[in-house]
Amino acid sequence: MIANTCEPEAVDRQQPYALDLRERTFKISHLQILDEQCNLDAEREPDLSTEDLIRLYRSMVLARAVDDRMLKLQRQGRIGTFPLCTGQEAASCGPALAMTPKDWFVGSFRELAGRLLRGEPIENGFLLFNGYEEGNVFQGGERTLPVSIIIAAQALHAVGIAYAMKIRGETDSAVVCFLGDGATSQGDFHEAMNFASVWQVPVVFVCANNHWAISLPREKQTHSQTLAQKAIAYDMPGIQVDGNDALATYQATKDALDRARAGGGPTFIEAVTYRLMMHTTSDDPSRYQLPEQLQAWQARDPLIRFKGYLEAKGIWNDEQEAGLEAEVRQQIDDAVKAFEARNDFKPDAPFDHVFGTKVPRIEEQRTEFLDHLREESTDAQ
Amino acid sequence: MRNKLNMVQAINLALDQEMGNDDSVVAIGQDIGVNGGVFRVTEGLFEKYGESRVIDTPLAESAILGTSIGMAVAGLKPVAEMQFSGFSYLMFGQLEGHAARLRSRTQGAISVPLVVRMPYGGGVRALEHHSESREAMYGHVPGVKVVIPSTPSNARALLVSAIRDPDPVIFMEPKRSYRAFREEVSEEEHVMEIGKAQVLQEGTDLTVVSWGAMMRPTLQAVEEVQDQRGVSIELIDLLTISPMDGDTISGSVEKTGRCVVVQEAPKSFGPSSEIIATINDNALMYLEAPVRRVSGYDVATPYFGREPAYLPTNGRIRRAIEETLDF
């Protein structure tokens, strides 16, 4: 009760009255460990094993190759519309590498790269974007929420999960919630930031600022200079990282997760990156995107940078690169084959999963549905 | 043991019992903790179960449901309170987009066992947005169950079932009935099955179906007609709006051949329309008169000055019953 009468530190009665007195002087820290020219900030270099570094690189290469193959499959009519992740691999894989299997992965729809690193099968993406819910589940995916398409809605789920962890006293796990720059305009985003902060729950928001929400550029999405500063209003740590620097996205997420698991509460990380391809296969960025901007960001490709880092460390060479390319190609070929061979899609599966209990009204409709299906196939003969 | 309780006390009892039985049950909402809820439904729970299980939230309905979904996914059983159903539309996106779909989205790998309680309905001279009856909006969402109790006793029993249900349940509480009367409420295991209507009295000449706050004027109208005309009326309390118990309704109409449906909600696209469609599907040839609806109107629920003329009264219900009998 007394707290209400105390002056918060942020209020300064000594300052002269002025409408723009608000702290123009706030600073947002920016983390970059590996720059575009592959220069390394050795002091900040994460303590990662060769195995983990290669796993990180491999996932980014795999995601790029899957994106590329899926685009071809889509253009050939072999899968449906899907969102591309090319260019954003570091913003997704770095955080995913910082997570343990006990942490919850709560994503939106452009985190293919992080999902692959976390062990989701390639086939899942094909299934999901060819219209089958089967693509949303996988063995070992108990703490991975499926693709969430409604923008920012998942941020609240992440906070709820983190709340459950907190009251159960789980100190070895936290939640990483992925979202994009467009999400920061949604009410659910602000509600999630507020609840996370009031409750001080173990959640890390990783916001991939890829500069576009379909056709709306970042500067029209928000007047704020950075997305990271939005955290200030919630008294939550908010930092910006080079989202194309996998070492930086890893390290920032790792630090935030350590803090969260130790009871230090939520963190907001803005990962500055760029969507190098269309929003989804239904989109044509040439209607709104400036070619110069695209070219500038192509030069900051996260894969090229990370490969240069591995080479400079002496743990990667052309032979390994060729080997990885062949391996990835084979893996994707196998997944396409397995996906296209599947014919076990139970037509009335939607009726199995309306409720966890049998409901007469649903069962009646299942019977109707199956009757209609039989009639349709009789008609077709 | 049996105690005479009003509906507020009966709902409180259900919450208390389930929170006592199961550590994973949490209550979440605005002003539900220290304040005990604006209708005092959660009174005493904060003191008993503590602030981590009786969660006073910031003022944001979408977040109350959105975080409840996360809690449910992570193994808790949240019972969320929307302070008034008129504010619940702010959480509709989370309900339709996620609570209702996570099970089907993941083919059963993830379920969302949660309850959203909300006082609904008119008759308490309240401000705008505090008097609507919009159960049809929730009933239209696949994957969501919608329950409306009508008495202290069935409120307790159905809320217990709702909390134990593996899926999202919208539990709409007729606030007009909150403190309107008391009845004996069993504290023992008395659980009512969601999805089942209750035949309150059997009859042979006409079926009346209603639910929630409309049960009281309906019962009064039924008694008046029976007394005056010596007819035998079957009275059904729907209790679950969705999934609707079509068998009980159709079975009754097959027997009586006449039916009146009483709903507080606007006339079009409401549960009464679905009830008539169900009769059409299953018992049309048994009808001896068109099924009549007594309902609100397709207008904004008026401010309370004009509310008495908007809400169905026992007079309107009685006349509909008589006209259907005389058809």
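**Reading helix H13(A) and its surroundings**

Colleague: What do the buried residues of H13(A) pack against?

Modeller: Their partners are helix H12 (349–352) of chain A, plus helix H9 (246–256) and helix H10 (271–283) of chain B. Bear in mind that this is a predicted model.

Colleague: Which residues of H13(A) are buried?

Modeller: Buried means under 20% relative accessible area. In H13(A), that covers A:Arg361, A:Ile362 and A:Arg366. They sit on the same side of the helix, because their arc around the axis is only 135 degrees. Look at the other side of H13(A) and you'll find A:Pro360, A:Arg374, A:Thr378 and A:Asp379 exposed.

Colleague: How does the span of H13(A) agree with its 21 residues?

Modeller: Take 1.5 Å a residue: residues 360–380 should span 30 Å, and the end C-alpha atoms are 30 Å apart, so the two agree.

Colleague: Now the loop glycine. Is A:Gly265 buried or exposed?

Modeller: Buried, because its relative accessibility is 1%. A:Gly265 belongs to the loop between helix H8 (246–261) and strand E8 (267–272) of chain A. Beyond its neighbours within four places in sequence, A:Gly265 contacts A:Gln200, A:Val201, A:Val203, A:Arg259 and A:Ala260.

Colleague: And the largest nonpolar core: which residues have the most contacts inside it?

Modeller: Those are A:Phe205, A:Phe268 and B:Ile170, in a core of 80 residues. Helix H5 (residues 153–168) of chain A gives the largest share, nine residues. Apart from this core there's another, of 66 residues, including A:Phe105 and A:Val328.

Colleague: What does A:Phe268 touch?

Modeller: Leaving out residues up to four places away in sequence, its contacts include A:Leu179, A:Phe189, A:Met193 and A:Phe205.

Definitions and conventions: Residues are numbered from 1 along each chain as its sequence is written. Chains are lettered from A and ligands numbered from 1 in the order in which they are written. This is a predicted model: local features need pLDDT of at least 70, side-chain atom pairs count only at pLDDT 80 or more; totals for chains, interfaces and linings use all residues. Side-chain values use heavy atoms; hydrogens and water are left out. A nonpolar core is a set of buried Ala, Val, Leu, Ile, Met, Phe, Trp, Tyr and Cys residues joined through side-chain atoms within 4.5 Å. Buried means under 20% relative accessible area, exposed over 50%, partly exposed in between (1.4 Å probe, protein chains only). Helices (H or I, at least four residues) and strands (E, at least two) are DSSP runs, numbered from the N terminus. Contact means heavy atoms within 4.5 Å. The expected span of a helix is 1.5 Å times one less than its number of residues. The arc is that of the directions from the helix axis to the C-beta atoms.
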